[in-house]
Amino acid sequence: MATIALDPRLDKNTSNFISSEHRMLIDGKFVKAASGKTLPVYNPATGEVMAHVPEAEAVDVDRAARAARRAFDEGPWQRKITASQRGRLLWKLADLLESHLEEFAELESMDNGKPLAVARAADVPLAVDLFRYMGGWATKIMGQTFPISFPGEYLTYTLREPIGVVGQIIPWNFPLLMAAWKLGPALAAGNTVVLKLAEQTPLSGLRLAELIQEAGFPEGVVNVLTGYGEGAGAPLAAHDLVDKIAFTGSTEVGKLIVGAARGNLKKVTLELGGKSPAIVFPDADLDKAIAGTASAIFFNHGQCCCAGSRLLAHKDVYDRVVEGVSDIASKIRVGSGLDPETQMGPLVSEEQYQRVSGFIDSGLNEGAKATAGGRPAAEKGYFVHPTVLTHTKPEMKVIREEIFGPVVCAMPFNDDDIDRIAREANDTIYGLAASVWTSNLSIANKMAKRLKSGTVWINCHNVFDAALPFGGYKQSGWGREMGGDVFNSYTEVKAVTTAL
Ligand code: NAI
Ligand code: MG
């Protein structure tokens, strides 16, 4: 394959990896797609193709699912490798990842477009931490005993066992971190995995697959595929040898996954879209609320399922909040993720660029006004200026649908009634996250109780930790990721009763 000239600022190891001939991990070996087909990987800062990766199709998914099945049913993973050894494998992986922090930060920046500094400070360390945290759980997944009242004398207990073969499908907004969120708990609980990476951002996951091999996971325990959603994701979700599917992505595809899982009634968990409100009360520390609500939407270019995309501010402070957030938006330096001056990189793909620009146009056509951004961006690369829309109405498309870009819709509320404010905030099909900005603890916690969302942040937004469960109410998904709660969806519970 012809070598593509990559950015000279990149470390040589990173450039070499990007330009290398990429293979997927199936059954402990790095292989091409059976068809030999590949798919192009674009640099979002330039729109140029920078690599090709295998294009897995049903036949490759089948090979990977069979390998994972064998590794679960027949390999050493289940019976010979102890919980403590599983934990240590995850810790080894965490150590390896940490020792390649800079390389992974560069891969993530090149592939997704995010600033290198962000990948270095957030994506990679959070992934390391996740593997470490989940490694600790491997020895702590326990059942219970029960004082049953059935006539006679019994000893009853539950076992928590791995589900089996887990298929995992991830998106492109935090490629490495999403891989860690998925792999960590599945492996800690003793499952085997077929992971399909996002077609837009496969590089860090393929490099992680090399570290997984280096850490010493037995063959077939982790299989990593690259391919498109319909070509590789759909056959994985439908595969009869797969016992559970865990998906992160759009609500639209989440519904397709549920349909695909019907054949063998595999277990399903879904982490889907959001339209999260950031609610500013008049007694909030406004400097903090302005900086915080701006970062709630502009962090990772708004490409976060929990982005604070609806800014609801009390009428007494609305003008100041909008002015403050717009001011921050217009000063954000947009550029290549590798440029140290850059605060916001390009969107991930041409498709997302068109989508997000289309939302901005639709808002403006329906009567919204842009107090920041809203302009077309550079002629090359998928850049969108951070945008603040005012004069938005509840029925507008920009308010109803997930934009997944650096676009916030501001709306004032004229109310002091907590229930009515909560109703307005809850007026969405989604329920992933919300933030409340106030100095009144009582208001904050009353709102926390009334908001229908899996996460409520008080005077903060986008605070994540491996110990904290994350997931959605309503159409934001099924189940929780991270924390101890994640094991509810990576284990089966078996009740064992002995007559004494
Ligand atoms: P998507 O939901 O199509 O893709 C996410 C993953 O699902 C990718 O790995 C993709 O290959 C796979 N996939 C796609 N179609 C599939 C199918 N039929 N069966 C199985 N797997 C399939 O998301 P896309 O197209 O990248 O982005 C569209 C919108 O989705 C975004 O604008 C955003 O609103 C939302 N989204 C939400 C995310 C979240 O974190 N909740 C992440 C990414 C996108
Ligand atoms: Mg899609």
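Which polar backbone atom is 3.2 Å from an oxygen atom of ligand 1? Here are some friendly notes on that and related points.

1. The model is predicted, so to speak with its own ground rules: local features need pLDDT of at least 70, side-chain atom pairs count only at pLDDT 80 or more, and totals for chains, interfaces and linings use all residues. Residues are numbered from 1 along each chain as its sequence is written, chains are lettered from A and ligands numbered from 1 in the order in which they are written, and side-chain values use heavy atoms, with hydrogens and water left out.

2. The backbone atom in question belongs to Gly229. A polar contact here is a pair of N or O atoms within 3.5 Å. Of the 810 Å² that ligand 1 exposes when taken alone, the protein buries 92% (Shrake-Rupley areas with a 1.4 Å probe).

3. Around ligand 1 there are 29 residues, with Ile170, Trp172, Glu199, Ser250 and Glu402 coming nearest; a residue belongs here if one of its heavy atoms lies within 4 Å. By class, this shell has 15 nonpolar, nine polar and five charged residues, with Gly counted as polar and Tyr, Cys and Pro among the nonpolar ones.

4. Where does the shell come from? Domain 1 (12-272 + 477-496) and domain 2 (277-465) each give at least three, the bounds coming from an automatic or database domain assignment.

5. Two backbone angles deserve a look. Asp27, in the loop between strand 1 (24-26) and strand 2 (29-31), has a positive phi near 55° without being a glycine. Lys474, in strand 19 (residues 473-474), is likewise not a glycine, and its phi is about 45°.

How values were computed:
A polar contact is a pair of N or O atoms within 3.5 Å; within protein, one must be able to donate a hydrogen and the other to accept it, and residues adjacent in sequence count only if both atoms are side-chain atoms. Helices (H or I, at least four residues) and strands (E, at least two) are DSSP runs, numbered from the N terminus.
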